[in-house]
Amino acid sequence: MTDFDPANLANVGPKEFAQLVKSTPDDKIAEVMSGDLRGKILSEVFGRMPSLFRADRAGSTNAVIHWNITGRPDGGTDTYEVVIADGTCTVNETPQHDPKLSLTMGPVEFLKTVSGGANPVMMFMTGKLKAKGDLGLAANIANLFDIPKA
């Protein structure tokens with residue numbers, strides 16, 4: 001599969017998804033993520049987070065993380081809440097708690113981050129990713145998930 005087709009996302013594993021993001025030009029990802037398939041893609045990505053969560057690495061981490069993905073077709077932002085508590089990870093499509101950490105980024109940066117194709121620290125330093133709250137948690141977040149490398 002060489003085309004970034006969200007209809008196929010449900011049928012690809014994390015490694016194939018990472019390869020797909022890596023091989024798709026940024027402008028094509030931006031185009032798809034500013035259309036009506038955006039919600040399906042975000043739901044698919046966040047739906048996988050609990051299965052990629054590494055409880056063995058989380059230790060006693062308890063945190064609420066809000067992921068704010070900008071660039072919605074109506075100009076708005078989608079916010080998903082990831083709750084890490086007692087060795088589990090759950091995702092809410094509607095935030096229900098005050099976050100310990102808020103991450104804000106564009107859709108292209110988001111997909112590159114969750115597919116292992118971006119360096120979040122560099123993105124933070126260059127202003128492509130904004131973090132508010134527990135920056136130690138932000139620096140460690142990638143270690144809490146089994147992120148595939150393309």
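How many bridges join strand β2 to strand β3? In this predicted model, local features need pLDDT of at least 70 and side-chain atom pairs count only at pLDDT 80 or more, whereas totals for chains, interfaces and linings use all residues. Residues are numbered from 1 along each chain as its sequence is written, and side-chain values use heavy atoms, with hydrogens and water left out.

Strand β2 (residues 78-85) and strand β3 (residues 88-92) are joined by 5 bridges and run antiparallel. Strands (E, at least two residues) and helices (H or I, at least four) are DSSP runs numbered from the N terminus, and two strands pair if DSSP finds at least two bridges between them. Thr88 in β3 is the bridge partner of Ala85. The hairpin of β2 and β3 has 2 residues between the strands, and Asp86 takes a positive phi near 50° there. Strand β1 (residues 63-69) pairs with β2 over 7 bridges, also in the antiparallel sense, and His66 stands opposite Glu81 in β2.

These strands belong to an open sheet of 5 strands with mixed pairing, in the order β3-β2-β1-β4-β5. Because β3 and β5 (129-133) each have a single partner strand, they stand at the edges, and one side of each is left without a neighbour in the sheet. On average, neighbouring strands of the sheet are turned by 20° against each other, direction ignored. Helix α3 (residues 38-52) lies across β1, β2 and β3 and runs at about 5° to β2. Axes here are lines fitted to C-alpha atoms, for helices over the stretch in contact, and angles run from 0 to 180 degrees between N-to-C directions.

Helix α2 (residues 26-33) packs against helix α5 (residues 107-114) at an angle of about 110°, with the axes 9 Å apart. The two helices are therefore roughly perpendicular (65 to 115 degrees). Asp26, Ile29, Ala30 and Met33 of α2 make the contact with Pro107, Val108, Leu111 and Lys112 of α5 (heavy atoms within 4.5 Å).

Pro14 is found in helix α1 (residues 14-23). Pro14 has a relative accessible area of 33% and is therefore partly exposed (between buried, under 20%, and exposed, over 50%; 1.4 Å probe, protein chains only). Leaving aside neighbours within four places in sequence, Pro14 is in contact with Arg48, Leu52 and Pro148. Pro14 and Val114 are 100 residues apart in sequence, with their C-alpha atoms 9.6 Å apart in space.

Technical notes
Angles under 35 degrees count as roughly parallel, over 145 as roughly antiparallel, 65 to 115 as roughly perpendicular and the rest as oblique.
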